[in-house]
Amino acid sequence: MAIRKVALVLVISFLCSAHARSVSVVGDVFIEVDDNKFRCDKIECPLNAEYCVVTKEKDPNDASVLVRSNTCYTKLNEELTKSVFKETVDPNTHIHLILKAGRNGGVSSINSSNSLQTGNTGDFDAEAFNAQMKNFQENLNRGMENLSSSLNTMSNRLQNMFGGI
């Protein structure tokens, strides 16, 4: 009886964890990774891509144009696909971003500034980022504990409903 209960909980847990998904948003850059998709900002990387790099910087010839590139790479650092987009921006805004996102869900800002040209560099604040990540992880852990508790409750209800099959 106890073995069946444990087996049922394990099966339900496996089914819930089989679809792992990671979503990251940094400013207006959107990264989504799951088993069947690797979306790198505005493009979808091939399934054999290991990581992607997103860059955003002003066009050196036109201060009102932002050049945004999304590039997907293999484990061996070979370029798989690349797309370049141009957007209109305030010419007084200084933007420079290089963001690397991995298939494993990790995201790192290699170099970043996004500010009005008033002396404020807008550099990446590692302490604030780490504090946000710690808060996120704590919330995620609470959510996982709630999910585990709910799965145990559901398992008990199923056991009672079907009379200990």
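I took a disulfide to be a pair of cysteine sulfur atoms within 2.5 Å. By that rule I count two disulfides. Their pattern is 1-3, 2-4, with bonded cysteines counted along the chain.

The model is predicted: local features need pLDDT of at least 70, side-chain atom pairs count only at pLDDT 80 or more, and totals for chains, interfaces and linings use all residues. Residues are numbered from 1 along each chain as its sequence is written, and side-chain values use heavy atoms, without hydrogens and water.

**Disulfides.** I looked up cysteine 40 and cysteine 52 and found their sulfur atoms 2.3 Å apart. The S-S torsion is about 95 degrees, so this disulfide is right-handed. Cysteine 45 and cysteine 72 have sulfur atoms 1.9 Å apart. Their link has -75 degrees about the S-S bond and is left-handed.

**Burial.** I used under 20% relative accessible area for buried, over 50% for exposed and partly exposed in between (1.4 Å probe, protein chains only). Cysteine 40 and cysteine 52 are buried. Cysteine 45 and cysteine 72 are buried.

**Rings.** I paired rings of Phe, Tyr and Trp (its six-membered ring) with centres within 6.5 Å; planes under 30 degrees apart are stacked, over 60 edge-to-face, the rest tilted. I searched the whole structure and found one aromatic pair. Tyrosine 51 and tyrosine 73 have ring centres 5.0 Å apart and planes at 15 degrees, so they are stacked. Both tyrosine 51 and tyrosine 73 are buried.

**Confidence.** I read pLDDT as the predictor's confidence in each residue, from 0 to 100. The chain mean is 77, and 76% of residues reach 70 or more.
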